[in-house]
Amino acid sequence: MPDPQNMLLRSNLKQLRLPTIRAEFDKLAREAASANEDYASYLLRLTELEVAARTSHALQARIKAAGFPAQKDFDTFDFSACPSLNKPKVLELARGEWIDQCSNTCLIGSVGMGKTHVAIALGLAACRQGKRVRFFTAANLVTRLEEAQKQYQLDRLLAQLDKVHLLICDELGYLSFSRAGAELLFQVFADRYERASLLITSNLPFSEWGQVFQGERMTAALLDRLTHRCHIFEMNGESYRFRESVKAKKAAGKNPAKPE
Ligand code: ADP
Ligand code: MG
């Protein structure tokens with residue numbers, strides 16, 4: 001293609017926001033010419049590249065917006081280390097239908113059992129399905145809500161959370177909140193009832209959630225909504241981290257019982 005035409009084409013593709021086609025059309029045109037490919041196949045190949053690049057960028061943007069605290073996925077999760085967790089059921093949830101149905105998931109269990117790991121992996125799976133996800137620790141979410149309220153921005157934050165298909169609230173129960181903080185969190189949770197999904201992880205069994213939500217009535221109202229359509233998993237046993245460190249010390253020939 002003569003230079004001026006090539007430059008005009010590049011400029012048009014830029015204006016049309018087709019960066020992948022812009023980067024690839026020359027190379028693919030040469031390949032098409034030497035393979036005697038017809039025009040429509042050439043165009044199809046180019047548009048396929050653009051679509052693939054867009055899909056991948058959109059996924060990266062969704063993952064970034066979710067705010068996961070670490071990169072964790074099912075490929076690095078050892079289900080055999082947590083036999084109390086129903087693997088087929090968890091992998092079924094990774095297909096995301098529960099989010100389409102606006103139901104909830106709770107992962108309840110002791111520290112180091114992989115609750116956060118599984119929560120992130122389920123969140124990532126949802127991102128891959130095109131869903132909007134946000135990850136917060138409970139403490140973080142309450143702080144954000146309280147700050148937004150102070151700055152008269154609460155409605156804005158609630159509207160943002162409302163757009164999210166899956167809200168992940170990690171570590172509910174590690175810290176208790178002020179009455180006002182607990183009420184804000186309750187409002188967020190209650191607002192999602194039958195409209196959008198929640199994934200909550202907690203070290204506390206439901207019977208002890210009163211400590212977090214200060215008051216039996218609010219706790220009962222919350223649990224009633226939350227557990228109405230909820231997949232509940234108990235993850236109990238010995239901390240994965242602890243077990244791994246014992247293994248590592250044994251391998252290094254040290255006595256794990258002795259502090260270093
Ligand atoms: P919890 O949230 O239950 O306290 P985490 O998910 O933070 O536990 O797990 C602690 C660490 O151990 C993380 O680095 C996590 O990736 C890892 N881990 C926990 N359970 C497993 C498991 N079954 N397979 C692989 N890694 C695990
Ligand atoms: Mg955790």
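## Inside first, then the open pocket

Begin with the largest cavity, which has a volume of about 100 Å³. A cavity here is a set of points on a 1 Å grid over the protein atoms alone where a 1.4 Å probe fits but cannot get out, and lining residues have an atom within 4 Å of a point. Volume is the space filled by probe spheres set on the points, which are joined across faces, edges and corners. The count is 1 cavity of 30 Å³ or more.

A word on ground rules: this is a predicted model, with pLDDT of at least 70 needed for local features and 80 or more for side-chain atom pairs, while totals for chains, interfaces and linings use all residues. Residues are numbered from 1 along each chain as written, chains are lettered from A and ligands numbered from 1 in written order, and side-chain values use heavy atoms, leaving out hydrogens and water.

Now select the cavity lining: C102, N104, F189, R192, Y193, E194, A196, L198, L222, R225, L226 and R229. Color by class and you get 7 nonpolar, 1 polar and 4 charged (Ala, Val, Leu, Ile, Met, Phe, Trp, Tyr, Cys and Pro are nonpolar; Asp, Glu, Lys and Arg charged; the others, Gly among them, polar). Helix α11, residues 216-226, gives the most, with 3 residues; helices (H or I, at least four residues) and strands (E, at least two) are DSSP runs numbered from the N terminus.

Next, jump to the largest pocket, at about 460 Å³. A pocket is an open set with protein on both sides within 12 Å along at least five of seven lines. Of its 23 lining residues, pick G112, G114, K115, H117 and R241, the closest to the centre. Show α6 too: it supplies the largest share of the lining, 4 residues.

What takes up the space of the largest pocket? Ligand 1 does, where sitting in a pocket means more than half of a molecule's atoms lie within 2 Å of its grid points.
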